[in-house]
Structures are given as structure tokens and as C-alpha cells.
Amino acid sequence: HHHTLYLPVMLANCVLSTGRRRLPIRLTAHTYPSLKVVSAPLRSRLLLPSRFLTSAVERASCSSPSNLLSSSFSSSRSAFITSSISSAPPSSQSERNAKLITTSSLGASPPSSSSDPTKASSSSSSNSEEEDEIELPAQGKACTTPPLPQQRAPAPSLLHVYAGLAKARLGAMVLASTMAGYALAPGVFAITPFLASSIGTGLAIASANTWNQIFEVDTDSKMRRTFRRYLPSGQISSAHAAGFATTCGVGGTIMLYTLVNPLAAGLAAGNIFLYSLVYTPLKRITPLNTEVGAVVGAIPPLIGWAAATGDLSLGALSVAYCLYAWQMPHFLSLSWNLRDDYARGGYKMLANVRPELVPPAALAYSLSLLPVGLFAYLSGVCTLPCVFTAGAAALPMVYYGQRFYRSHSKADARKLFRCSLFYLPIALAAMIAHRATEDEKQEVSVEPGLGE
């Protein structure tokens with residue numbers, strides 16, 4: 001009995017007293033369904049109105065599994081309560097009243113002393129006439145207080161739904177690469193085309209991600225990773241999402257065309273098409289969809305470069321190569337731990353079609369990140385220190401890539417994925433920090449003639 005939960009009044013104290021003192025009495029889970037009377041001093045110690053205490057204990061009595069106990073334990077419970085109360089006689093009348101408990105199912109009243117139960121019965125009846133008692137349901141009696149209503153999570157706002165459709169966190173990373181492409185482009189930095197290219201590209205990213213979810217709503221509903229999204233869960237209709245995607249795509253393309261240049265607008269519109277109508281259906285056809293998706297991720301820095309210069313040069317391709325080479329180990333390591341989920345959704349990823357090829361491919365693409373700084377230097381985008389800075393940023397990728405190659409474990413795949421989250425911002429920041437000026441670009445450029 002000493003290991004049972006002192007549940008009903010303790011529960012009322014914890015839930016309703018908001019941090020006030022604990023109850024001066026303990027009741028076992030064996031006896032509280034049959035409680036009949038709780039004295040007024042007990043309520044005053046709780047500092048709670050009577051109706052709140054009654055409701056709390058009634059709810060506890062309704063939901064308690066001890067209501068299913070057989071009446072054969074009544075004698076043992078009576079002996080336990082009698083011995084518990086009489087073992088420590090109260091020193092004052094108020095403490096005695098606080099311990100007065102009458103159990104209707106036991107057929108006995110708690111004595112004031114262990115030697116004279118008759119006096120205890122008369123004392124209990126006299127005290128009950130003077131005090132305001134709380135009637136609690138006897139054992140087997142239905143509760144009169146309705147149960148607490150279940151609190152449902154509030155419906156998400158329309159802004160949160162749109163952010164989920166646009167995949168805001170992923171889109172922010174892609175948008176950062178667009179800004180980096182603009183910052184690395186030659187020429188004077190102008191704030192107006194920079195903001196216009198950033199907003200227009202962000203709208204195009206939101207459109208592409210939304211179309212992707214519209215086309216994959218059936219498969220997303222089968223995957224544990226995606227079934228809680230707004231479209232599979234029915235929190236927004238496909239027609240509503242299509243309207244949002246169309247508005248973002250058309251608005252972003254028009255903004256880029258009018259405020260930036262036609263090249264940037266064409267790249268953005270082409271990327272929406274490539275991601276929605278090429279990459280998305282290829283996910284159910286061939287594992288080569290990952291390479292196509294990497295090309296899609298490499299286009300945003302080209303949009304930023306085109307917004308700054310109006311053309312695409314070798315320097316723009318070196319920045320795009322960084323994005324392409326980074327995405328491969330990033331996604332391969334992510335898909336390794338989700339291969340069962342991808343198979344459940346009907347996707348043909350390398351991780352669930354040819355899993356033995358994933359670790360060597362992840363290591364090979366991690367190694368391809370080492371010359372990113374060298375390519376940027378040779379194309380005139382960065383200065384010589386970028387070769388060493390960007391190369392050093394790729395070393396952790398190579399380290400965790402070779403660990404994943406040797407172990408094929410989920411833990412090493414997860415570490416490689418987390419490392420990739422740090423590599424991209426560090427590499428782009430190193431390239432911007434070592435951005436070459438016009439004079440420095442001329443030093444590394446290749447002259448057109450051999451005899452000059």
C-alpha cells in the first residue's frame with residue numbers, strides 16, 4: 001500500500017493550486033473512489049473554492065482504474081486507513097478535522113483514537129454538523145461533472161500555410177545562394193536590382209516548391225516525413241495551392257523581367273519548369289532525378305549573377321559548380337536514413353534502388369568540393385587565399401564522407417548531412433570575403449594571344 005499513488009487530492013493540488021502548498025493529507029489510489037466527505041479545514045488548507053475541489057476529485061474518480069477493483073479488498077483498505085490515521089494522533093482539533101475521512105464502502109468511520117472507535121464515530125458526526133462538507137461520489141456512482149474538453153491545436157494562419165507550401169527554410173537557403181551570386185558578380189553593387197532579384201527569385205522558389213507539393217500530394221500522404229504537410233493533411237485545397245503557386249510564379253517572373261533583365265526572368269521561369277515538370281516526375285522513374293535536382297539548385301546563383309551583369313560568364317559557372325557539388329552529398333546522406341520512407345512513397349531514389357552506390361557517391365562528391373576555391377580563383381571571381389579557405393571548409397565533408405563510405409551507418413550519414421549544412425554558408429562567405437577586384441581579375445585572366 002505504501003507504494004500506491006496518492007492521486008485524487010494530490011492531483012487537485014498540483015493542477016488547480018498553481019504552486020501553492022501541498023495537501024496535509026495523503027489518500028491512496030485504493031480508497032479514493034469511495035470517498036464521501038472531506039472536511040472544511042482541508043478545503044481551507046487548499047485555498048480553493050469547494051466547487052473546484054469537488055470537480056477535480058470527481059474527474060479523478062471517473063477516470064481512475066481503481067473503480068474496477070473488487071469489493072473483496074474493502075476489509076484490508078479499512079484496516080490500512082484506520083492504522084494510518086490512528087498511528088499519529090493529531091495535536092489539535094483543527095488537525096483532527098483535516099484528517100476526518102469517511103468511506104461509505106468501508107462501513108466504518110475513522111476513529112479519533114485506536115482504543116475507542118465509538119467515541120470516534122460520535123465525534124465525526126458532531127464535527128460534520130458544524131462543518132461545510134463536500135459530497136463526493138461514492139463507489140460505482142456516475143460523475144455529475146462533465147469531463148474537461150480536449151483542447152485542439154489552433155488552426156494555422158494562412159501565412160503559416162503559405163510558408164509551408166513555399167518550404168520557407170529550404171527556400172531561404174536557396175535564396176541566399178542567389179544573393180551570393182549577385183554579390184560575387186563583377187561591377188558596382190546596386191541595391192535596387194539586388195532587392196528586385198532577391199524578391200523575384202524568392203517568389204519563383206515559392207512557386208516551384210508549391211507545384212512540387214501539388215503534384216506529390218498522393219505520395220506525400222504515404223510517407224511519415226511528409227504526411228503532416230498542409231496538402232496531404234487537407235488543411236488547404238489543391239486549387240488554393242495552385243492559385244498561390246501561379247501568383248508567385250507569374251509575379252516573380254514579371255518582377256525580374258521589368259525591374260532586372262530578361263535573362264534573369266528567363267532563368268527563373270525555366271527553373272520553375274525544370275523543378276516542377278521534369279525533376280518531380282523523374283523521382284518516380286529513375287534515380288538520376290538527384291542529378292537533375294542538383295542542376296535545379298545550381299541555377300539560383302546564376303540568376304543573381306545575371307541580375308548584376310546581364311550575362312553569364314565563366315565566373316558564374318564556378319559559383320554554380322559549388323552549389324551542384326554540394327547538393328549531391330547533402331541529399332545522398334539525407335536519403336540514406338529515409339530510404340524506407342521513400343520506398344513507401346513509391347520514389348526511386350538511389351538510396352532505396354541501389355543503396356550500395358550511395359556511400360561511394362557521397363564520398364566522391366565530397367572530394368569534388370575541394371577544388372571549388374581553385375575554380376573560383378581561375379575564373380577571376382576570387383583571389384588566391386580563397387583556394388585555401390574554401391578547401392579547408394571542404395575537409396570536414398571529406399572526413400565524414402570517408403567515414404560514411406567505410407561504415408555505411410546511419411549515424412555517419414547523419415553527421416555528413418549536418419556537416420553539409422555548415423559547409424555551404426562558410427564556402428560562400430569565403431568566396432565573398434576574397435572577392436577579386438577588377439585589377440586582381442586582370443592578373444589571373446588568360447590573354448588572347450600567345451606572342452603578346
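Modeller: Before we start, a residue is called buried when its relative accessible area is under 20%. Keep in mind that this is a predicted model.

Colleague: Thanks! What percentage of the 452 residues in the protein chain is buried?

Modeller: The protein chain has 21 helices and three strands. It exposes about 23,000 Å², with carbon and sulfur atoms supplying 62% of that area. Out of its 452 residues, the buried share is 44%.

Colleague: Is serine 207 buried or exposed?

Modeller: Serine 207 sits in helix α9. Its relative accessible area is 1%, and the cut-off for buried is under 20%. Serine 207 is therefore buried.

Colleague: Which residue has its backbone oxygen 2.8 Å from a polar atom of the serine 207 side chain?

Modeller: Let's set aside the neighbours of serine 207 within four places in sequence; it then contacts Ala245, Cys248, Gly249 and Ile272. One of these residues also places its backbone oxygen 2.8 Å from a polar side-chain atom of serine 207, and that is alanine 245.

Colleague: Happy with that. Now, where is phenylalanine 189 found?

Modeller: Helix α8 covers 168–184 and helix α9 covers 191–215. Phenylalanine 189 is found in the loop between α8 and α9.

Colleague: And what is the area of the nonpolar surface patch made by Phe189, Ile191, Leu195 and Ile199?

Modeller: A patch takes residues with over 30% relative accessible area. Phenylalanine 189 has 47%, so it is partly exposed and clears that cut-off. Together with Ile191, Leu195 and Ile199, Phe189 makes a nonpolar surface patch of about 390 Å².

Definitions and conventions:
Residues are numbered from 1 along each chain as its sequence is written. This is a predicted model: local features need pLDDT of at least 70, side-chain atom pairs count only at pLDDT 80 or more; totals for chains, interfaces and linings use all residues. Side-chain values use heavy atoms; hydrogens and water are left out. Patches are made of residues with over 30% relative accessible area and no salt bridge: like charges are joined within 9 Å, nonpolar side chains (Val, Leu, Ile, Met, Phe, Trp, Tyr) within 5 Å. Accessible areas come from the Shrake-Rupley method with a 1.4 Å probe; for residues, only the protein chains shown count as cover. A salt bridge is a side-chain nitrogen of Lys or Arg within 4 Å of a carboxyl oxygen of Asp or Glu. Helices (H or I, at least four residues) and strands (E, at least two) are DSSP runs, numbered from the N terminus. Buried means under 20% relative accessible area, exposed over 50%, partly exposed in between (1.4 Å probe, protein chains only). A polar contact is a pair of N or O atoms within 3.5 Å; within protein, one must be able to donate a hydrogen and the other to accept it, and residues adjacent in sequence count only if both atoms are side-chain atoms. Contact means heavy atoms within 4.5 Å.
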